[in-house]
Amino acid sequence: MGLYKFKPPMSGRMGTLWTLSSIRGAAVIEYGCMGHTLYGRVFLNQAGIWEGGKLYSTHIDETDIAMGDTSRLSWTIAQVVEQDKPRIIFLLPSSVPEVIGTDLPALCRELQPDYPHVPLLPFGCGDFDTNAHRGVQEALLLLAKTLPVDMGRTEQRTYNLIGSCADLFRFHADAEEIKRIMKGAFGMEPLCVMTSDTSVEEMVSMGAAHLNLVIRREGEPCARHLQKRFGTPFVTGRGYGIAGTLDWVRRIGECSGLEPDREFLAVEEARSRLQMAPALPVLEHMLLAHREEAAILLGGHADVVQGILAYACGELKLQRGPCWCDSPDMGTEQAPYMGEAEWTQAVLGQKHGMLMASGEILEWAGRSQELQISVPDSKWRLNPYEPPLVGFRGAIHLFSLWINAFLEQENNG
């Protein structure tokens, strides 16, 4: 790992932890150093995970490493089963056991006969080379391969929401807006919100859903597996802006064979445009007289960056400034991957415009914290009812943020 002025890129272990920790009825045991889990718990509390699986660490010391002693893991599993009686235990490696070659799957196979009613499920991505997005992807896929059981479709039409995890900024708010639109447009309820608001029991029943909504590209392997096993069709992406949301609903209708409620959509679109109308002259003034200040700079998850960029520049005709994503595996022409050295230069080189990035970057750049769209965060997010970034309500929220950011720039000269 290199030297960083800011927080280093999150590891695959953290991506796995974000994915698993919010699943109610489960226990997450990390086989590794206590400090790792403590740091993870703090982040999860700040992100707004107030319920979910219980989180444990075995702790290991120099003797365990030198002698290859794994008795701490066996003892911890026994204590967790006896005291908490979880439906399932997720085993998570940390970097030290991964580097020295501890075979966690073999240990689980050895211990499993002692716990016939509590599955022990080992995860990977504990090494130094795997990034957080790969950890999320592999965790979602392993959950889909392991937990769902064969069952018939639900009587009422339902869907699974795949990819809502604690590493996404405002994941609670975005999931709630998606659920609201799905209810209004199609009369559909979620079966499983994977994984920010779900339980082991709900994940077991995922195969009964009529449709899977994949809101981030890391969830696509999971959705493809569920499609192959249960025949469940899936739609990828999420709607940003008014036009983007309407197109997203259209694609869901085509995939599911359902006709969306046109009255609901017409009311939502009309209400959104009516709410934006008073500030449209400000937007026109921005575009005509202050073109540089009307630029937008974006940094974060590739799907979030591309979605907001399409709304800002495609729908509202804002100027495009430097844009980047935070994963080397997801870089595109629209949102290339930038490391710390690249994005710091990009931000410093663009004096004007509205920067939307992580709380850490905004704080460093002296920009408005209201424009945050990604993590690392610098605040506690205890309120799950904040405005979303997606959907019709997200369109109004983003438009309001940009108008106020422009006025602030103009007032400050």
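The legends below describe an overall view and close-ups of salt bridges in a predicted model.

Local features need pLDDT of at least 70 and side-chain atom pairs count only at pLDDT 80 or more, while totals for chains, interfaces and linings use all residues. Residues are numbered from 1 along each chain as its sequence is written, and side-chain values use heavy atoms, with hydrogens and water left out.

View 1. Helices (H or I, at least four residues) and strands (E, at least two) are DSSP runs, numbered from the N terminus. Along the principal axes, the C-alpha atoms fill a box of roughly 70 × 55 × 35 Å. Of the 413 residues, 53% count as buried (under 20% relative accessible area; exposed is over 50%, partly exposed in between; 1.4 Å probe, protein chains only).

**View 2. Charged side chains of the protein chain.** There are 37 positive and 51 negative side chains, and the centres of the two sets lie 4 Å apart. Lys and Arg count as positive, Asp and Glu as negative; His and the chain ends are not counted. Each charge is placed at NZ of Lys, CZ of Arg, CG of Asp or CD of Glu. The structure holds 27 salt bridges (a side-chain nitrogen of Lys or Arg within 4 Å of a carboxyl oxygen of Asp or Glu).

**View 3. Arg180 and Glu177 in helix α8.** Their side chains meet in a salt bridge at 2.9 Å, N to O.

**View 4. Asp247 and Arg251 in helix α11.** This salt bridge has an N to O distance of 3.7 Å. The two residues are four apart, about one turn of the helix, which covers residues 241–256. Asp247 is partly exposed, at 34% relative accessible area. Arg251 is partly exposed too, at 27%.

**View 5. The salt bridge of Arg381 and Glu386.** The N to O distance is 3.8 Å. Arg381 counts as buried because its relative accessibility is 13%. Glu386 is partly exposed, with 22%.

**View 6. A network of salt bridges.** Arg24, Glu51, Glu176, Lys179, Asp197 and Glu202 are linked here.
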